[in-house]
Amino acid sequence: MMPIYPKQVTYTVFAFISLTVIATLFIVIKKNVADPSPNTIKIGLLYAKTGDWAISQKSVHDAMAMAVEEINNDGGLLGKQIEIAAINNESDDRFYNTNVSELFNKENVVTLFCFVPKIIINHNRTKNESSDGLVFDLADYNAKERNTTTIKLGSSPNQLLYPGINYLFKNKNSLYTNYIILGTNDSYSLEANKLIKKYLSQKKVPYANIHPILLTPQKDNISEVIVNVKKIVSNGKTCILNTMKGNTNIVFFKEFTNQGLSSLNCPIMSFTISEDELMKMSAEFNIGHYFCRNYFQSVDAENNIRFVSDFKLYSAINELPDGIDRVTGEEISKIYNGVFLWKKAVELALTFEPNAVKAKLAGLVFNSPAGIIKINKRTLSLEKPAIVAESTIDGQMMVLWESKQLILPF
């Protein structure tokens, strides 16, 4: 079971006791606020509200809206109130360029938060052809990318894949004979699985004991995959390294359990799942499996306990799904951090102009829910901690390991 910390109990009790009073206060304040001033500025969001990827991306809009509300309630930014212009890409990257163009050129957003497809190299320009629009990329990445317009909020392999594997080797290595590398047919998963295979070989795992398996986009080979997993498990203790994307995780974990497999005979280490995704997956299918991310709701930090309580309260007041029972997760924390990093840079630059803001972002430090993070000056990518956790019966995560220092992006 997840350990209970005194601080967490105190903050949680306070949050629940105060819910009715604070919720009433917020509603009264909202009713008495004057009509929005025309003196506003827009920020953009391109995400999957529907489709296969919505399991991870749908909640980013709510987290962004909470961050914007906090900023607006505190007086706005450079004298302006912030508005959100959002487009649902329906889990389809084919119209990425069109959507980006619409947000920059029609909605006139000053910055954009999105999951940049791996096939995209150059971003659309703003109406001012002499400068690029400022893009915050929420996606994890595998290559050493050098894009002067993009601030990478996602994780590189040495911030995500390698720490999870290292944890298994340090704490569980004697248990496993075979490693299954499980992925989906998308560019991130395919590239990540190649890196994992290479990393395992560097760890002296024989090639014969490394088993890449790919689920089709239609998930129609799930039964065949489970049969293969069972055969591998019968030949020695096996661990699965999972980079699957989206709803495929729901289908796989359910069938995995229904076919008699579990964390006891074949634990899964996942790199794309945190509490928000687990809420959409039945808890009984996930008990005892491992997860490596850069944030979990169960991180025992005062700043995180406050963040979790605020998000639950925000969800309840705005009548969002699950209300006070809402959980946070990696993507929720990531976009919240991104909005406040952008705000901090704008305040330093004293302008919304993309290049001036980007210059102030380099080297910027922020106290995020998971602890201190920093934008690396060389790569414009985040330096961040890595965390390994184990899922519990209530759909939460028990933290097993945290990096002691920020991990540099490669």
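Does F410 count as buried, partly exposed or exposed, and what is its relative accessibility? At 23% relative accessibility, F410 is partly exposed, a class that lies between buried (under 20% relative accessible area) and exposed (over 50%), with a 1.4 Å probe and protein chains only.

This is a predicted model, in which local features need pLDDT of at least 70 and side-chain atom pairs count only at pLDDT 80 or more, whereas totals for chains, interfaces and linings use all residues. Residues are numbered from 1 along each chain as its sequence is written, and side-chain values use heavy atoms, with hydrogens and water left out.

**View 1. The ring pair of Y141 and F410.** The ring centres of Y141 and F410 are 6.5 Å apart and their planes stand at 70°, so the pair is edge-to-face (rings of Phe, Tyr and Trp, the last by its six-membered ring, pair if their centres lie within 6.5 Å; planes under 30 degrees apart are stacked, over 60 edge-to-face, the rest tilted). Y141 is buried, at 2% relative accessible area.

**View 2. Charges over rings.** K152 lies over the face of Y141, 4.6 Å from the ring centre, and the charged end of K245 sits over the ring of W53, 3.8 Å from its centre (NZ of Lys or CZ of Arg within 6 Å of the ring centre and within 35 degrees of the ring normal).

**View 3. An aromatic cluster.** Y295, F307, Y336, F340 and F366 are linked into a cluster by ring pairs, and the structure holds 13 aromatic pairs.
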